[in-house]
Amino acid sequence: MTTMQVLFLIFAAIILGSAFKVVTTKKMIHAAFWLIVVLFGVAALYAMLNAGFMAMVQVVVYVGAIAILFIFAVMLTRKELLDKGPALNDNKSIAAVLSLLSFGGLYMLLRNWSGFMNMAPALPETDMVEELGTALVTPDMYLLPFEIASVLLLAALIGAVYVANEARSE
Amino acid sequence: MQSPWIYVGIFVLVGMLIPIAAIVIARFLAPRKPNAIKQSTYECGIETVGDSWIQFKAQYYIFALVFLIFDVETVFLFPWAVSLNKLPLFAVFEGIIFILILLAGLIYAWKKDMLEWV
Amino acid sequence: MEFWNDPITTIFNSLLKSFTSGGMSEGLATVLIYLIGILLFVTFAMVLDIFLVWIERKVVARFQDRLGPNRLGPFGIFQPFADIVKLLIKEDITPVGADVIMFNLAPIFSMMSVLLLWAIMPFAPKMVGVDLNVAMLYLVAAGSIGTLSVIMAGWASNNKYATMGAFRTVAQMVSYEIPMVAAILVITVLSGTMGVVGIVEAQEFLPFIFYAPLTAIIFLISAIAELGRSPFDLNEAESEIVAGFHTEYTGMKFGLFYAGELLHSFTFGGFIALLFFGGHRFFGLENLGPIVGALIFIGKALFFYWVIMWVKYTVPRIRIDHMLAFNWKFLTPLAFILLMVTALVGRLLLDSVWLVPALFLSNVFVGWMTVLYLKSHERKTREAEDAKSAVPVAQH
């Protein structure tokens, strides 16, 4: 067991445990904070893969913006901060059996795919932000998705303005 | 495993350790005599009125949303900025188009009075 | 001589030799030495924090034409130690109904977000904590952890004023991140890298303040707003909303918030020195060795910390709707226009000798157009108001 494997197992356990707590915790706000732990765990996994830029983007966008949006949405729309419903429902056993079956099915499917069963190629030594930047603006690489991303963000902004206008005028 | 992120991880651990140490020292040194008056919520010296929930104000959410859009935009702009001086001049105009599209969105939100704090 | 030129590596190598000669593997010894080094570094940051409390109180006293603490020790220099002892022995009150885990985690995260920033501060090119090549994004990420701690503190206090204060603080901190990141993008364009050592090296010819003066002003204003200091401190103003999101905190937890804010201000002073004023450079004096460079860097950071304090004790507080309007309707468009102009001019005149004057003049030009636009906008609003009001203006 190399150190990388041990670290990966620790972070994977943190991510899975926190994801379980997100779904089963009784207070909504705690669910939002467990989600933040999941997002930090994913950022740590990115950092382990030498993708430091992606790790930082994960923290900046997901934790710094999206998680805060979740928290605002939860805090501003709950009249009582405690929820009284049960966290797990009665179909636990059927759900467990179904999830084991789907996991087994996925494993059988992926067993013969080389991308899954072989060792990955060696990780790049340093972070390739410059290559990413070049790829984003070269016309025969990713220029079109880059510009369409800005149009998509514009569409999201206009949609948010529209919905908020309707919500305010009522 | 000579990546610099190991040391960032150690910084995170040590950064959490020092404030925890400060609070633990305080826990040993400070008296602890809780009573109902001391532990009641502070509301400028009078008794609390009503539950502690907040009126829903759309403004908080709208500002966070506009911030999210611009945050994702700046994340896209970072690789562009890093590789700018090594690319042909055309790359500058592509980035400028990107920024202009989003500034148009900001002006739209401005004109629709979304950036007011009423 | 070797030690003078590269202190960190020589200490590291000698410690590594002594550890591995005792029989430890090299990887484990490296991690252990780094752990000890980082502990010492963070302890240095906390001791500096204590002196920052003293500096703050003395400087505010001088601005207000009084003496400040002068009883304990020469010039009152032991006053912060007395403050720490007082904070440690104050009772730790947790309000009823508060969420205990989050109530305790919030000051820890707040202090952690500041200490994380010390990992990328370059005291000298060979004395950086971690030379990340995405250091500028790391800066923004550490800021978002601070934002998270504010929300945790406000919500966990079970106090509606604390929660309201927390929301307003988060709205303000989050809004002012955009012009700050745009200013950082300008610096990234000019230096071609996001890593701090690269930024310091790119300022070999002239510090970036000459390349982008208006961007420096925008970064200064956004940094002051991001820190939550005056004139943007409506959220912890004592007469308005008690103490905002840290109303319910007592003792050392409040001390962590307060000391964290001062250390954060000093760290941002360091970043202004790094991004716009050349980091550790000082007219060639830095070639004497990294330790001299580190002292120059700390001196510059203290100077910009003094500038931030100067703004705080001079200017009155800004109301929240003015604050947010100032950000979204003025700073953000201005910062992005500056980014476009700098990218265009910088790329067109990349290696020519006209780069610095052209960039400086383009900044001046953008500033001048902004002032003209603001004047015409003011004139139009005033004329619209005069036309609307039926009351005649009194004639002299």
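The exercises below, each with a worked solution, concern a predicted model.

**Exercise 1. The helices of chain A**

Task: State how many helices and strands there are in chain A, and what share of its residues is buried.

Solution. Step 1: Chain A holds seven helices and zero strands. Step 2: Read from the N terminus, its elements follow the order α-α-α-α-α-α-α. Step 3: Of the 170 residues in chain A, 33% are buried. Step 4: Among the contacts in chain A with a separation of 6 or more, 54% are between residues 24 or more positions apart.

**Exercise 2. Phe33(A)**

Task: Decide whether Phe33(A) is buried or exposed, and find which residues it is in contact with, apart from its neighbours within four places in sequence.

Solution. Step 1: Phe33(A) belongs to helix 2 (residues 28–48) of chain A. Step 2: Its relative accessible area is 11%. Buried means under 20%, so Phe33(A) is buried. Step 3: With neighbours within four places in sequence set aside, the contacts of Phe33(A) are Ile71(A), Met102(C), Ile151(C) and Met152(C). Step 4: For the distance to Met141(A), which lies 108 residues from Phe33(A) along the chain, the C-alpha atoms are 38 Å apart.

**Exercise 3. The rings around Trp118(C)**

Task: Classify the ring pairs that Trp118(C) forms with Phe123(C) and with Phe266(C).

Solution. Step 1: A pair of aromatic rings is described by the distance of the centres and the angle of the planes. Step 2: Over all chains, the structure contains 34 aromatic pairs. In one of them, Trp118(C) and Phe123(C), the ring centres are 5.8 Å apart and the planes stand at 45°. Planes under 30 degrees apart count as stacked and over 60 as edge-to-face, so this pair is tilted. Step 3: For Trp118(C) and Phe266(C), the centres are 6.2 Å apart and the planes are at 25°, so the pair is stacked. Step 5: The relative accessible area is 1% for Trp118(C), 6% for Phe123(C) and 1% for Phe266(C). Trp118(C) is therefore buried, as are Phe123(C) and Phe266(C). Step 6: These rings belong to one aromatic cluster, which also includes Phe11(B), Phe41(C), Phe44(C), Phe297(C) and Tyr305(C).

**Exercise 4. Ser110(C)**

Task: Where is Ser110(C) found, and is it buried or exposed?

Solution. Step 1: Helix 5 of chain C contains Ser110(C). Step 2: The relative accessibility of Ser110(C) is 11%, so this residue counts as buried. Step 3: Beyond its neighbours within four places in sequence, Ser110(C) is in contact with Ser149(C) and Phe257(C).

Terms used
Residues are numbered from 1 along each chain as its sequence is written. Chains are lettered from A and ligands numbered from 1 in the order in which they are written. This is a predicted model: local features need pLDDT of at least 70, side-chain atom pairs count only at pLDDT 80 or more; totals for chains, interfaces and linings use all residues. Side-chain values use heavy atoms; hydrogens and water are left out. Rings of Phe, Tyr and Trp (its six-membered ring) pair if their centres lie within 6.5 Å; planes under 30 degrees apart count as stacked, over 60 as edge-to-face and the rest as tilted. Buried means under 20% relative accessible area, exposed over 50%, partly exposed in between (1.4 Å probe, protein chains only). Helices (H or I, at least four residues) and strands (E, at least two) are DSSP runs, numbered from the N terminus. Contact means heavy atoms within 4.5 Å.
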